[in-house]
Every structure is written in C-alpha cells, then in structure tokens.
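Here are my notes on this model, meant to be read with the structure open beside you. Have a look around first, then work through the points.

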Amino acid sequence: MQKNLFNYYQKYLPINENTPFVSIGEGFTPLVKSENLSDKYNCNIFFKLEGSNPSGSFKDRGMFLTVAKTLEKKKKKIICASTGNTSASAAAYGARYNLETVVIIPKGKIALGKLIQAMAYGAKIISINGNFDESLLAVKEISDSLDFEIVNSINPYRLEGQKTAAFEIIEQLGFSPDFQFIPVGNAGNISSYWKGYKQFYDSKICNELPVLYGVQADGAAPLVDNKIIKNPDTIASAIRIGNPASADLAKDSINESSGEFMKVSDENILDAQKIIARKEGIFCEPASAASVAGLIKLISKGYDFSNKNIVCILTGNGLKDPENAQQYLQSNIIKTSSDPDEIKEAILKY
Ligand code: F0G
C-alpha cells in the first residue's frame, strides 16, 4: 500500500474524524544527494525532488489537505489564482474529488505544460489581462459571493500540508540540514518549511534548525528590494510575483532562522537549470533552479559551506516548461538523412 501524507503525518496536521481522506499519492518525494556539485564545492548538497509529486510540483502537498478541509466543510467549489502550478494541482484534486474548479491565470504568462495540465484535468480556466498579483486580487474579490473556497496559499491548510516536506527531509537525512535554499514567489512555501522544521524541533525529533535562504529572481524580488514590484519580470514564470501574499510570514521565517532573502539573475537561473540537468541528471523548472543558482552565487561570493549539509528544494518538474528550455537547447540537435554513414559522421563530429 502506498504511504500517504494524510495518515502518516496525521498527528501533526489539522485532521480530525470528520476530515475526509484525500490523496493522489502526494509527498514522500526523493531526497537525492548531488554527486558532482557536492564534490566540486566540498559540501553535501541534496536535492528535494518535489517535481515527483503527482501533478509535478510541491503544490500537491498543500492541496491534498486544503481539498480535504474543503470537503469537510461540505463546499463543492474551489478557486485559485496561479502562475501555473497551483492551477494544475487544484485542477487535479478538483477532478478527483468532483469539485467545480476555477483557475484565474495571467494571460500568456503560464508555462505550456502547466496550462495543458489544467485543461486536461478539466478546470474552468479564466485567462486575464493582468499579472499574478492582479489574478489573486480578483480571486479574493469574487470567491465569497460565488461560494468558492480559495485554494491559494493564503488558505492556511496549504501551508499546513506543505510543511510535511520539512518533516520528510529530517526523516530522510536523520537530522535537519545546516542550510536550505528555496525559491520564493508568493512566499507561502518557505513559511511552510519553517513551520515544519520548528514543529519537529519542538517535538524533539531534531536538535537543530536550518538556516534558510529564500531565492527570488532579479526582476521579481520584492522581498529583497523591500518593495512591491508593479511589473515583475523573470524567465522563471512560477515566481514572477511582485506582491507576495505571505511576505510577513516569510520574513519571520528568514529572521528566525538567521537566513537571508537573495536574488539571482535569469542567466544564473538558466545556468543552474543546465548544470543540474547535465551534471546530476535532474531536469527541474527554472523557478526551482533558482535555489541552486542562489547557492552557487553565495559560494562564488566567498561564503564557506565546506562540509555542510545543504538542501536545495527543486519545487517543480522541468517538463512543465518545455518552451523556455527549447529556446536554448535547440542547437543541440543535428539533422541528418537516414544514411548510417551520415549519422555516424554526425556523431563523431558532435
Ligand atoms: N517554485 C515553483 C515551481 C512554483 O510554482 C512556485 C509558486 C514557487 C516555487 C514559489 O512558491 O509561491 O510558495 O513562494 N507557484 C505559485 C503558483 C505562485 O501559482 O503555482 P511560493
């Protein structure tokens, strides 16, 4: 029988006898030790592969619980704003649990794989002339009058569910890491991890707490620049957010963990995406690669991570955003006829 978050972590979650069971097999994602980057930087780097969740991102950890609590309240409709992954996850759980699902997305700003997922799962998709922040404002405005449950991370059950990733890391390592790098968009996930680490620390399951680094993109770094960004812009569409809803929680998490918010360029992000794919055999989406880009940036600035245990959260699967990757990978393909000699020559010349 597949382990599930609902039963396995029940005593740490707001689940009671009236909460219906919900699962599509989320959680229990691999924590993979880096072979090449660990050697290169003389530390132990681990990747938490959140792209291995059923809809391909960490959102499923929060969505299983949010949908369970929605069903517990006997509500039949869910709504979210999204840069793509929340909409894919909401649509998946909505389909399975027979909920009317509406997703509000910024027009032309969603990675193709995520949009196709929401379509495949059968959500009602509203594409607006506006960015994510405006999508979320609209959701807040209309949800009550239409009796929808909001399943964005402003719903506290999302953060509760997502904290299970920190539990898993502690169980997988046998201790808590020294450092964690995580991409930050709407700032819910970093807050979830901190909640999870603290809960296991308070329960004496671990003796230490990690230092958190929250990584944003240069053009969408409201928490680094300390101001709302009106027109956020980055190739990492998942974290193209200028006014994070959980900014205060995230700031508390960073302060309490003695960590930092930091930002990386789109070039850093794509370089990191390439390195993780080429050196580690893991293809993650650009927003996820921001975590590794953050680590590499600090190392290049002289931070000493020697012999430390470092976890980078790879929040989503690379297949979700084929268009971005295709743009810089196109030149990798050499075209030939079907003539074996010509093929052989192409291989030798590659
Ligand atoms: N990584 C990925 C792949 C994401 O999809 C997101 C957020 C984040 C990181 C940042 O997490 O918002 O909790 O700080 N995606 C949201 C969405 C906004 O709509 O799918 P966060």
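1. A cavity here is a set of points, on a 1 Å grid over the protein atoms alone, where a 1.4 Å probe fits but cannot get out. The largest cavity has about 310 Å³ of space, a volume being the space filled by probe spheres set on the points, joined across faces, edges and corners.

2. Who lines it? The lining has 27 residues (an atom within 4 Å of a point), and F58, K59, G185, N186 and A238 are the closest to the centre. The lining splits into 11 nonpolar, 13 polar and three charged residues; Asp, Glu, Lys and Arg count as charged, Ala, Val, Leu, Ile, Met, Phe, Trp, Tyr, Cys and Pro as nonpolar, and the others, Gly among them, as polar.

3. Helices α4, α7 (156-162) and α9 (188-202) each give two or more residues to that lining, and α9 gives the most, with three. Helices are DSSP runs of H or I, at least four residues, and strands are runs of E, at least two.

4. Now the sheet: it is open, with four parallel strands in the order β5-β4-β3-β6. Strands pair if DSSP finds at least two bridges between them. The edges are β5 (124-128) and β6 (149-150), and I79 stands opposite I150 in β6.

5. A word on the source: this is a predicted model, where local features need pLDDT of at least 70, side-chain atom pairs count only at pLDDT 80 or more, and totals for chains, interfaces and linings use all residues. Residues are numbered from 1 along each chain as its sequence is written, and side-chain values use heavy atoms, leaving out hydrogens and water.

Technical notes: 1 Å grid on protein atoms, 1.4 Å probe; cavity = no way out; pocket = protein on both sides within 12 Å on 5 of 7 lines; lining within 4 Å.
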